[in-house]
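The sequence and coordinates follow.

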Number of protein chains: 2
Amino acid sequence: MTQPVLETVRAPGPLYREVADRIARLIEGGAFRVGGRVPSVRALRRSQRVSLATALQAYRVLEDRGLIEARPQSGFYVRLPPGRLPLEPEESQPPVRARPVALGDLVARFQQAARDPACVGLGTALVHPGLLPIRALHRTLAAVGRHSPQLANSYDVAPGSLALRVQIARRAFASGCTLAPEDLIVTNGCQEALQLCLRAVARAGDTIGIESPTYFGLLQSLETLGLRACQLPTRAREGLCLEGLEARLDRCRIKAVLLMPNFGNPLGACLPDAKKQKLVRLLAARGVPLIEDDIYGELAFAPARPYTAKAYDRDGLVLLCSSFSKTLAPGYRIGWVAPGRYRHQVTRLKYLSSIGTASVLQLAVADFLAHGGFDHHLRRLRRACAEQVARTTDAVACHFPAGTKVTRPAGGYILWVQLPPHVDAVALFERAWAERISIAPGPLFAADGGFRNYLRLNCGLPWSDQVERAIARLGQLTAKRL
Amino acid sequence: MTQPVLETVRAPGPLYREVADRIARLIEGGAFRVGGRVPSVRALRRSQRVSLATALQAYRVLEDRGLIEARPQSGFYVRLPPGRLPLEPEESQPPVRARPVALGDLVARFQQAARDPACVGLGTALVHPGLLPIRALHRTLAAVGRHSPQLANSYDVAPGSLALRVQIARRAFASGCTLAPEDLIVTNGCQEALQLCLRAVARAGDTIGIESPTYFGLLQSLETLGLRACQLPTRAREGLCLEGLEARLDRCRIKAVLLMPNFGNPLGACLPDAKKQKLVRLLAARGVPLIEDDIYGELAFAPARPYTAKAYDRDGLVLLCSSFSKTLAPGYRIGWVAPGRYRHQVTRLKYLSSIGTASVLQLAVADFLAHGGFDHHLRRLRRACAEQVARTTDAVACHFPAGTKVTRPAGGYILWVQLPPHVDAVALFERAWAERISIAPGPLFAADGGFRNYLRLNCGLPWSDQVERAIARLGQLTAKRL
């Protein structure tokens, strides 16, 4: 019965708009509340005496306006209207000076909570395994071991499997990069790639420019390597503030800059491509290398992914790092780096750090990229992330106290939440953990304990009552002026 | 027909000894030459008019005396008599001072040759994949992916899979160590373990005591980390010379010592267990940590493997590193470290270096260790290594010029060859590469270009005419006073 309706939908009458407006008024008036369900398409047809096609089209209009959203096998639900979305967090304003990184014990304590299986995992930055093609990938892995046993168990020394590097080079084309397989080195995840790049471009005591806020793993890497951090101001939507970078470049003797320009952790910001170009020119003019972490770049909500800064690199000064941990297989630890003019140094460091990356996993990922429907999977994953981010945003808007601000990422699955000024996110973290909810408190993302009233929320979990309850509870705890 | 003969062999008459003596005289007189075949058992029976059992037993006696060896499906072949084995290389005498490591381009050039598939691979230190249980391991891997897909594709953050650490702790018991799973951290091979340990105990500018000669990968690690090397004297059979270490400990301000006490690369020496104990005490008294690389420890030719220095560690100052790359799966990159009192630092460095090691591979190796017949495989592998080392030694004795000296390792699959003083091993390496034979020239194994007339030979390849021809040709090239 449904099929004919869908076919006639394409040329609907003007009536659908009228129906849509009526429902919009009901939503605005509070008759239908945020998070609640609007009448089913069939119920709407009956009550408004319209065709099924008109009813369906009315809901499509409301979806386009951001007022409702379809949930598979469930119906249409009221979203927060765009005008009532929380404000975005303010521009960060770190001091104009370099300092050593000292994160202290908070990271270890956070990681304990984040790995606690009893917790609702809003603390980590991981998608739910159900959103990854795990079984298909393992089948590929088994086939690779069966068909090329010796190849799959040999030292695949740096730069790594050619088959995989060919696939990575092809994919990187969509991010504006023209890379040859020999420009690439396979690594044990993006983290190893970043460490190798830092070691290639800087020595202990040097200063690295880094976004504020940024992923604590990067801060810890600086700390471990004895590097100083010059924290760079950012805006919630666009990320790095170029003027802020420029002001610091000379005054802080920045040796290299380490950024996540696309949907970085925790801001989820996306530096506009034109600004990426400007950034690359700015740094190239000073001969400062840029280490670019693009681990979330493939998770754009829009159909086309943004470019990388590497796309504008003319001097080999951009070292592009990424991995398949966020999109395919966190447990496989397959990452890569295109280190530009530092290729020789990074290859050597990779060899000395771990000889090579496991051959059987490289071959399995290469095979999956070539034949496994990775793009199809990625489309599903991006849709899921977009939906989960939207629903988490709505829930925060509903349940957190007034004055709470939330980022509006256009990709990835992370939200950065600015709580009212008096809230202590570390205390909130401890309290939430006691109630089996893990979150990432703001001070994790600063070299020196800033962002006290901020937290990072993971939207990688499929939406569920449990997740919603957890967010509601976080809102209550926040309201208690922790 | 064979079966009854084997059964009666156990109570042979004294005649077999007489027959054996006769053949021994023929070998000594040159009637049967080293590398050649002696008459088959049946031919011996006919010619000497003895029973099959007596003929067989005569050959067993000659085998016991080290004069001949059985080659499966081929017959008995003349070995070099023990008295004619080449002498062992001399004790190394590095200067009593620390120096920066500068290996230059030789390593890169060597690695190119070592990976050249057209070469007979006497340059690498790898066993032939045919000697590893590759298919069985891949089957285990496939089963792990099938039965625990989510577990096999999740961040297995440092310290790594408990199942694997349990198995490693059990195996380490045979090396005299009483380790709990929580004492262990899984790494991407032994190379990562060693790098993490070096970073945990020392900083750029510090001096590390290291055997002379030693594996170039260790030297490069020092170089990359900005560490200085204090090279320690060694003896061909026992490895580290403790007096030499003691003389340098104070004068060179050694921050840590990095050793391969069991069948180390390239000496293949084994520090007697009593000396290991003395070494550990010596270092503990000065508070100097010992990084112990035991990657070849399981490959003892004797039924029982030697202890590790870690077995004598009472102060948590021994950081024991090893892997399954030499015994099971080079391509899986699964290693481990028991870092003693540096556990916290090494865990953190591991996390920051690569988050964790691929979960599916950890689980596969754990499963294979638990159920895959690893010990059975290891017995076969050790026998194969012992045979290949013996035959390579014989071939060197036959084909290399007088004055050539060769180590007599009791485990592993590496020979260290001291050529006559005038021979330039780097020139030999280049010449051999042109003839499609890869070797590892001596200067690779020194911080500063020593060991000019030495080379390392890989005995990891099953013996073949091709291998023998390659060694014979190396001997000829050496004799040409390169």
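Leaving aside neighbours within four places in sequence, K310(A) is in contact with C177(A), L179(A), E292(A), V318(A), L320(A), A338(A) and G340(A). The model in which these contacts are found is a predicted one. K310(A) belongs to the loop that lies between β11 (290-293) and β12 (318-323) of chain A, and with a relative accessible area of 10% the residue counts as buried, because the cut-off for that class is under 20%.

| Helix pair | Angle | Axis distance |
|---|---|---|
| α2(A) (residues 15-29) and α4(A) (residues 52-64) | roughly 55 degrees | within 8 Å |
| α8(A) (residues 189-201) and α12(A) (residues 343-354) | roughly 120 degrees | within 9 Å |
| α3(A) (residues 41-48) and α4(A) | about 115 degrees | 9 Å |

For the pair α2(A) and α4(A), the angle of roughly 55 degrees means that the two helices are oblique to each other, and their crossing is right-handed. On the α2(A) side the contact is made by L15(A), Y16(A), V19(A), A20(A), I23(A) and A24(A), while α4(A) contributes T54(A), Q57(A), A58(A), Y59(A), V61(A) and L62(A). Sorted by class, this contact of α2(A) with α4(A) holds 10 nonpolar and two polar residues, with no charged residues.

α4(A) also packs against α3(A), and the crossing of α3(A) and α4(A) is right-handed. Here V41(A), R42(A), L44(A) and R45(A) of α3(A) make the contact with L52(A), A55(A), L56(A) and Y59(A) of α4(A). The class count for the contact of α3(A) with α4(A) is six nonpolar, no polar and two charged residues.

For α8(A) and α12(A), the axes cross at roughly 120 degrees, which makes α8(A) oblique to α12(A), and the crossing is right-handed. From α8(A), the residues E192(A), L196(A), R199(A) and A200(A) meet Q345(A), V346(A), L349(A), K350(A), S353(A) and S354(A) in α12(A). The residues in this contact of α8(A) with α12(A) divide into four nonpolar, three polar and three charged.

**Cysteines**

How many disulfides does a search of the whole structure find? The search, taken over all chains, finds zero disulfides. C252(A) counts as buried at 8% relative accessibility. C321(A) is likewise in no disulfide, and the nearest cysteine sulfur, belonging to C197(A), is 3.6 Å away. With a relative accessible area of 0%, C321(A) is buried.

Technical notes. Residues are numbered from 1 along each chain as its sequence is written. Chains are lettered from A and ligands numbered from 1 in the order in which they are written. This is a predicted model: local features need pLDDT of at least 70, side-chain atom pairs count only at pLDDT 80 or more; totals for chains, interfaces and linings use all residues. Side-chain values use heavy atoms; hydrogens and water are left out. Axes are lines fitted to C-alpha atoms, for helices over the stretch in contact, and angles run from 0 to 180 degrees between N-to-C directions. Helices (H or I, at least four residues) and strands (E, at least two) are DSSP runs, numbered from the N terminus. Angles under 35 degrees count as roughly parallel, over 145 as roughly antiparallel, 65 to 115 as roughly perpendicular and the rest as oblique. A crossing is left-handed if the near helix is turned anticlockwise from the far one by less than a right angle, and right-handed if clockwise. Contact means heavy atoms within 4.5 Å. Ala, Val, Leu, Ile, Met, Phe, Trp, Tyr, Cys and Pro count as nonpolar, Asp, Glu, Lys and Arg as charged, and the others, Gly among them, as polar. A disulfide is a pair of cysteine sulfur atoms within 2.5 Å. Buried means under 20% relative accessible area, exposed over 50%, partly exposed in between (1.4 Å probe, protein chains only).
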